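This briefing goes with the structure shown below. Please read it alongside the sequence.

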2 protein chains.
Amino acid sequence: MDIKPIRTPPRKRKRARNPNPEVRQRLLDAAGGLIREEGFPKLRVEEVAERAGLSVGTFYLYFEGKQDLFANLLIEHTKELRDALHRAYRTSGTVAERLSSGLDAFLDFVWENQKGFLYFRDAGTVQTTIGRLSTWAFQILSQELKPLLVEAMESNEMRREDAELSAQAILGQFFHIAGYWLENKDRYSREEIKRFLTRLSSVGLVPRPLESRTHPPRER
Amino acid sequence: MDIKPIRTPPRKRKRARNPNPEVRQRLLDAAGGLIREEGFPKLRVEEVAERAGLSVGTFYLYFEGKQDLFANLLIEHTKELRDALHRAYRTSGTVAERLSSGLDAFLDFVWENQKGFLYFRDAGTVQTTIGRLSTWAFQILSQELKPLLVEAMESNEMRREDAELSAQAILGQFFHIAGYWLENKDRYSREEIKRFLTRLSSVGLVPRPLESRTHPPRER
């Protein structure tokens, strides 16, 4: 998939004829490391090439420039988060347990990519050839979450709702609170945020049927 | 309050010595009308001046340019939404009823300002002299919502939670779902969105105490 930021006029540069996925990955890894250290706005293409042990010319064989690098990094990170959610959601516990594992995976991801996450929140709204990049990212993640919600609704572990809206609501809430957390790290620990979001989604979208709440938990 | 987008170097233009609030409001209203019709990206300063019946020179006595106009419009709209929430939250019903009135006010605001709302979502992350503009906007709105949540927690209409996090979670969810709704207007009606968000916040953050749910509602 070749997703580009929209700009006019597009820059015409020579691209790699036989791109080497390992070289591309080295550039993305170098950029990822630098962003973790200093954030995206200060990042320079020269630095990325240097950290990757490659020339600036090679960088431009793989990416059109900084905005193109950003779009590709965002796509990589979205897929990384999707895979982490996938692993969490495909385990064997109850829906509540699997949602909780997914929340852990999400918070780990946010914590490890703090500067990148905040930059995504602020700049992910860029228009690309596949539309607004963050709309695409939410769509990818919602596709991962939705089957779990459908399963929960069918087994009555969850109130019946529009599954797409529910997935978007959970993700929208998680992203907003994660950004708020990173801006207020002195006020809230990871554990407080985790407990808050767990109560929110377990009392909100995943209420056990009322009758079963008033009895002791059933044996599994 | 004089809030400016951060840019270097700042443009030096003559500003109005004795700014006339009515002239400023005419320019903001003209810009608001044009944005409702065609969105912000296409907006030209010349058009705003023409619609307001003023000269481009006058425009620049009040705003430094398009970005400054955007920041001021966002501030005006945030205050407008805050005032609408204020009126809804200060009525005399139960917390659930007042939250529902606030949700109506929010959805009306989003519907009347569709293009402006989506543009805010995508560009409100701009850095200004008071920090990220959308962080400021969420802060203003959360200050309006928080006292209602505190009241509900004290009267046991709501589970006890960190009030600031709860307000941020509700707002983050409402903003995300509102943006999703505007992008999928063919799939969801205003009523469907309203019902979904009402269930989400009333079952989520405002559960009646469990005991009282299993009995018939008490008389008021």
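**Surroundings of one glycine**

Leaving aside neighbours within four places in sequence, A:Gly172 is in contact (heavy atoms within 4.5 Å) with A:Phe138 and B:His176. This is a predicted model, in which local features need pLDDT of at least 70 and side-chain atom pairs count only at pLDDT 80 or more, while totals for chains, interfaces and linings use all residues. Residues are numbered from 1 along each chain as its sequence is written, chains are lettered from A and ligands numbered from 1 in the order in which they are written, and side-chain values use heavy atoms, with hydrogens and water left out.

**Position of A:Gly172**

- A:Gly172 lies in helix 8 of chain A, residues 163–183; helices are DSSP runs of H or I with at least four residues, numbered from the N terminus.
- With a relative accessible area of 5%, A:Gly172 is buried. Buried means under 20% relative accessible area, exposed over 50%, and partly exposed in between, using a 1.4 Å probe and protein chains only.
- From A:Gly172 to A:Pro21 the C-alpha to C-alpha distance is 33 Å, and the two are 151 residues apart in sequence.

- Side chains of opposite charge can pair when their charged atoms come close.
- Over all chains, the structure holds 32 salt bridges. A salt bridge is a side-chain nitrogen of Lys or Arg within 4 Å of a carboxyl oxygen of Asp or Glu.
- One of them joins A:Asp104 and A:Arg190, at 3.3 Å from N to O. This pair links distant parts of the chain, 86 residues apart: A:Asp104 is in helix 5 (residues 95–112) and A:Arg190 in helix 9 (residues 190–204), both of chain A.
- A:Asp104 is partly exposed at 26% relative accessible area, and A:Arg190 is partly exposed at 22%.

**Salt bridges in chain B**

- B:Arg98 and B:Glu151 form a salt bridge whose closest N and O atoms are 2.6 Å apart. The pair links distant parts of the chain, with B:Arg98 in helix 5 (residues 95–112) and B:Glu151 in helix 7 (residues 133–154) of chain B, 53 residues apart.
- B:Arg98 is buried, at 8% relative accessible area, whereas B:Glu151 is partly exposed at 37%.
- B:Arg190 also forms a salt bridge, with B:Glu191, and here the closest N and O atoms are 3.6 Å apart. B:Arg190 is partly exposed at 22% relative accessibility, and B:Glu191 is partly exposed at 41%.

- In chain A, salt bridges that share partners join A:Asp104, A:Asp108, A:Arg190, A:Glu191 and A:Lys194 into one network.

Terms used: Helix = DSSP H or I, 4+ residues; strand = E, 2+ residues; numbered from the N terminus.
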